[in-house]
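Please read the following notes alongside the sequence and the coordinates, taking the points in order.

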Amino acid sequence: MLRVSAFTVAVVGLLAVDAVAQDFSVYTKVFDLDAKEVNVPIVRSQTVSHAGKIYDAIPAAGEVTILEPAHRRIWIVNPGKGCIASVDFDELRHLLRTAEERLAQRLPELERQPDASRVVTDSLRFQLRPYFEAEFDPGKHRLRLLSKHLSYDVEGQTSDRPEALEAYLTYADWACRLNYVLHPQPLFPTVRLELNEQLRRQKLMPTRVTLRAKLDRPVNLRAEHQLAWTLDNRDRQSISKWETLLRDPKLQKVSLSEYQRIALGQQVVKAR
């Protein structure tokens, strides 16, 4: 009995250490490099990892997403609209696979149109199967992914906390998939997913990411990430607030498609 108890204590201790190892917060500001006021963020967000969950809040949008990898699902909470939805990983993959198949079917039709833009069709084909030339400078902790359609320039810090790095990149993987389904945007998730794989290979936690793309219109964005490896009072208060929202009986639980209709508007759903 003593051996069993000692073993149990050891396992619980290891789990506690692993949970703490995944504690971190990331405060992000995104800038449009083509804007008149280039130093004014167009988006601010707070991302917090704790106890196997990753929370991401964009105050201006009034939306909080909560990633639960152990349950293979994502919650989307919008208290301003009075609703909450969840989507499991398999459903999200299915939606993206359908979108990819639809895009692959449309490409030949687009290319046959007399006024088709070669730049647009080539960039769409690239997004289905992205390929980059990768350059990594370990001394400067700088990663560059280059192609004629799109480039990433990433500055970061080499992480000696593999649990935290993997937790962050897992969040980044699913966030780009969810954002493509929920919000209109020009880039297919495969592009960002390729960047995340390169970050894993180099064990690089990004602190600044510059994206430059030649699509139907140029896209030039920079994201700045402020990392913290311990949670402060603000982070813990935010977690408590978000967990309370998850249990709030006043929020209507809806499907993902219904959430789009309520929170984003019917026009956005039709555009999808």
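1. pLDDT is the predictor's confidence in each residue, on a scale from 0 to 100, and a contact is counted where heavy atoms lie within 4.5 Å. This is a predicted model, in which local features need pLDDT of at least 70 and side-chain atom pairs count only at pLDDT 80 or more, while totals for chains, interfaces and linings use all residues. Numbering starts from 1 along each chain as its sequence is written, and side-chain values use heavy atoms, with hydrogens and water left out.

2. The protein has an average pLDDT of 86, and 89% of its residues score at least 70. Over residues 266–272 pLDDT stays under 50, and the model has 14 contacts beyond four places in sequence for them; over residues 1–19 it also stays under 50, with one such contact. Where pLDDT is low, the predicted coordinates should not be read in detail.

3. Helices (H or I, at least four residues) and strands (E, at least two) are DSSP runs numbered from the N terminus, and two strands pair if DSSP finds at least two bridges between them. An open sheet of mixed pairing is formed by 12 strands, in the order β7-β8-β9-β10-β11-β1-β2-β3-β4-β5-β6-β12. Its edge strands, β7 (133–137) and β12 (252–254), each pair on one side only.

4. Within this sheet, β8 (residues 142–146) and β9 (residues 150–158) pair in the antiparallel sense over five bridges, and L146 stands opposite S151 in β9. Among the elements of the protein, β8 has the highest mean pLDDT (97), whereas helix α8 (residues 266–271) has the lowest (37).
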